[in-house]
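Thanks, everyone. I'll take this one quickly, chain by chain and then across the contact. Have the viewer open and follow along.

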Amino acid sequence: MNQAEQRVPDAAGWLEVGRIEDIPALGARVVRTPGGDIAVFRNAEDEVFALRDRCPHKGGPLSQGIVHGRRVACPLHDWKIHLDSGLAVAPDEGCAARFPVKVDAGVIYLSLTPDEGCPDR
Amino acid sequence: MKEKLVLIGNGMAGVRALEELLKLAPEQYEITVFGGEPYGNYNRIMLSPVLAGEKTLDQIMLNDEQWYVDNGITLHKGKWVDNIDRARRVVHAGDVCAPYDRLILATGSNPFVIPVPGHDLKGVISFRDIADVDAMLQAASRPGRRAVVIGGGLLGLEAANGLAKQGMDVTVVHLMDSLMERQLDKPAAELLRASLEAKGLKFLLEAQTEAILGEARVEGVRFKDGQEVPADLVVMAVGIRANYQLAERIGLHCERGVVVNDTMQTFDPRIYAVGECVQHRGQTYGLVAPLFEQAKVCANHLAHIGIARYEGSITSTKLKVTGIDLFSAGDFIGDEQTESLVLQDPGRGLYKKVVLKDNRIQGAVMYGDTIDGTWYFELMRDGTDVSDFRDSLLFGQAHLGDSGHGDDNRVAAMADSAEICGCNGVCKGEIVTAITQKNLFTLEDVRAHTKASSSCGSCTGLVEALLAHTVGGDYSQSPAKKPLCPCTEFTHDEIRAGIRDHDLKSMAAVRDFFEWKAPDGCSKCRPALNYYLLCQWPGEYQDDSQSRFINERAHANIQKDATYSVIPRMWGGGTTPQELRAIADVAEKYSVRMVHVTGGQRLALYGLTKEQLPQIWGDLTQAGLVSGHAYGKALRTVKTCVGREWCRFGTQDSTALGIELEKMTWGSWTPHKFKMAASGCPRNCAEATIKDFGVVCVDSGYELHVGGNGGVKVRATDLLCHVDTAQQVLDYCAAFMQLYREEAHYLERTAPWIERVGLSYVKAKIVDDSASREALTQRFHHAQQFAQDDPWAARAKGAEAHEFTPIKQVG
């Protein structure tokens, strides 16, 4: 872990969570927060996405799914979720709350306030 | 600027091609559609149920006008195309001109009208489009009307049935002595005629129409033999002809249809043609399944994905008359070189005939119970050798009765509340509603929308039957070639052969070689490719954990609440006080929420968090316990009884044999899970005859059984052979497992694999050919050198730590 580990977000709401290589390509890691787990994904293009770690279907941990393109397949019943929007791939309906995330000089920053549009359950 | 695409013909085939194209390349073309009828795109096949009053016009619309708007498509409905200027590439339809870069002709077919005197009288119509149905419904709305339908084929009978249901007095006139002679043999046609007569239809067979009588309107029909039948409505349903007049006029090569190549291009490569207007390799098609296959190939080519080829279709027939089940496909008459298997049960109104040549199905015709039609059709299309199950072929495929349905496999008779998919709790009514309201055509569609048959798959047959029954038989048939996943057009077998023959040693190399559509594949193909590479290149290929399902990545089973279960190996089902003590200690130390005895003679610990796993494995490893691979597509357990050492009936030492088998095979990855058992005598307490590989000890040696399954679909094993020594058991087991590893499709258990390739094939490779067996055994042992490495021990020591810890803990 980084020295002087940041435990709360900075004034702009960003929390440093680790380096991009801490997440395997086409994989995910979990950020554990008092409000529940947030899954942080990295795809083959080194894009990073963050979603509430709960599938809209039956609450499966999306962080444990197989990542492909900009999608993740839920490990419980194989629903596909769009990583960039949190929406279930049609014809399934539902969404996982999306959290702002950015990468700066290889460091991943996450906001713990979900984007609007999808209720964070 | 976008290229311009013009579609002529707003019917099922043409619009299907557009739908496929929009899926592949939504932005590539600016699309214009010309349609002669004043509607959006509707399901022409469902005109019969509309006529019969079972469906409304709204229910059979496939794409309403909003769909064209939503997809940016310009629709010119009710416009007939007069000419196409191929030099300037412009379509002319009255006052409308549309330039094109590419053009699709989908002009369909025209009903054939017999040119007898009076054929143009008022009240003489064909059965082709909505206007015809309207005319028939109008005629029927006046009471006491008499109708004559000329043509006792598929279309004629559907029209006749519809008119009768509308209250008309209907006589069907047919030139031949037997109905639907192109689709049915005599016995089946007789049963059909009896059923239709019971519904009130009258028949005149071997009747040649000489004239249609009447002054201004039709009044009757006269036949060659002088007989006359009064009629207020005459429906001509004697057949269809491809409509290729426009194509011919603009100089495209036509024979019985517009001639196209395997990419659906006409002799002008900018012009494609699909559907009933097409002649491909000498064949024309009037059923929807081939048209949809053509549409898909055409769309692929338009999207510049040139890998798809249309290679022709084998078709089957079903009649869409409620309460009548008939099916036929291929050559069901036969000749002196064929044999016919026939089942006749007049009491139940059943008739089945399967025509074989060299033990391969040439054709089938069925009446009364058609649930196995799809199965026969698949066997015929794949050219499967049926000798291994020829004795039970006529009784159908046992699959369909699974999941508690028993013999009640007549989907038509099922109540709407009957549960079809037991995994996802989907009832018949929900499936039928989804099919009709969302216009679903394929099994994949139904799975996506309803989840029925998307889990264990045991109800696939029922869902297919329901689909066939709801939308007519042509839809549900899966394409001849089943691609591995939506990322590719290639099959499991083609891809495995490519990996082997072209030295493809990484997933990227495979995807590159086969021109994968998605750069990093999908959750379906990645685990499959990972397995195929691992199996083909043991010791060379580096396993890709991100392409494994979570259970195999975490070496534990994920549960519904995202906790995990841990199951250590108990060799041959035996254990010791020390092992039990270690398991008990771990269960207490980590507050395990449940300790459960598994079906495979082991103990399972439930309710563990992912972070706890490496520590627990550390404790278990200390006591000498190793991973049981209960989470893997891998060797699971070898179940045993206590055998000769204890049991008064035991003939051999089944326990020691089971332990040896497990020591030899543990750690091996397989296409799907692989279970074994060894029983000490034919009482078979270890239930060896429902395992993938089972040994039943007998006094003279060992019986080896393969391909059993006690799960989704109960299947007793097939007897592979009898061997004399325990060493032979081990050798045959290794060979069998290796053959399965090398040749089964990923996620295919041994039972369906053996049903697919045939027991004779497996015997030939393992029993009859000792060189083949030895080579397989050797390859198995070679692979095992790299596989027998306890994953728990390594992870307990810190391997793959990122898998088991959060990246960050806040608060």
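Start with chain A: of its contacts with a separation of 6 or more, 40% are between residues 24 or more positions apart. Keep in mind that this is a predicted model.

What is the secondary structure of chain A? It has nine strands and zero helices. Read along the sequence, that gives β-β-β-β-β-β-β-β-β.

Now its dimensions. The C-alpha atoms of chain A fill a box of roughly 45 × 30 × 20 Å along the principal axes. The radius of gyration is 14 Å. A compact globule of 121 residues would come out near 14 Å, so chain A agrees with that rule. As for burial, 44% of the 121 residues of chain A count as buried.

Next, the contact between the chains. Chain A puts in 29 residues, and chain B puts in 22 residues. Which of them gives the most? That is β2(A), with six residues.

Take the bridge partners in turn. V31(A) has K808(B) as its partner in β39(B). R32(A) has Q809(B).

Zoom out to the sheet. Four strands form it, in the order β4(A)-β3(A)-β2(A)-β39(B). The sheet is open, and the pairing is mixed. Where are the edges? One is β4 (48-52) of chain A, and the other is β39 of chain B; each pairs on one side only.

Now some backbone geometry. Most residues other than glycine have a negative phi, and most peptide bonds are trans. Here are some exceptions.

In chain A, look at the peptide bond between A90(A) and P91(A). It is cis, with omega at about 5 degrees. P91(A) is in the loop between β7 (80-82) and β8 (101-104) of chain A.

Also in chain A, go to D78(A). It is not a glycine, yet its phi is positive, about 65 degrees. D78(A) lies in the loop between β6 (71-73) and β7 of chain A. Is D78(A) buried, exposed or partly exposed? There are 19 other C-beta atoms within 10 Å, and the buried class needs 20 or more, so D78(A) is partly exposed.

R281(B) is another residue other than glycine with a positive phi, near 45 degrees. Its place is the loop between β22 (278-280) and α8 (288-302) of chain B. R281(B) has 11 C-beta neighbours inside 10 Å; the exposed class takes 12 or fewer, so R281(B) counts as exposed.

Stay in chain B and move to strand β27 (residues 360-367). It is mostly covered: seven of its eight residues are buried. What does β27(B) pair with? One partner is strand β24 (residues 326-330) of chain B, antiparallel, over five bridges. There, A329(B) stands opposite A364(B). Another partner is strand β26 (residues 350-357) of chain B, also antiparallel, over seven bridges. In that pairing, V355(B) has G363(B) as its bridge partner.

β26(B) and β27(B) also form a hairpin, with two residues between them. In the turn, D358(B) has a positive phi of about 50 degrees.

Last stop, N10(B). It is in the loop between β1 (3-8) and α1 (12-24) of chain B. Is N10(B) buried or exposed? It has 26 C-beta neighbours inside 10 Å, so N10(B) counts as buried. Set aside the neighbours within four places in sequence. N10(B) is then in contact with V15(B), V33(B), G35(B), E37(B), N41(B) and K77(B). For scale, pick N10(B) and R779(B). They are 769 residues apart in sequence and 57 Å apart in space, C-alpha to C-alpha.

Technical notes: Residues numbered from 1 in each chain as written. Chains lettered and ligands numbered in written order. Predicted model: local features only at pLDDT ≥ 70, side-chain atom pairs only at ≥ 80, totals over all residues. Contact = placed C-beta atoms within 7 Å. Pairing = 2+ DSSP bridges. Rg over C-alpha atoms; globule rule 2.2 N^0.38 Å.
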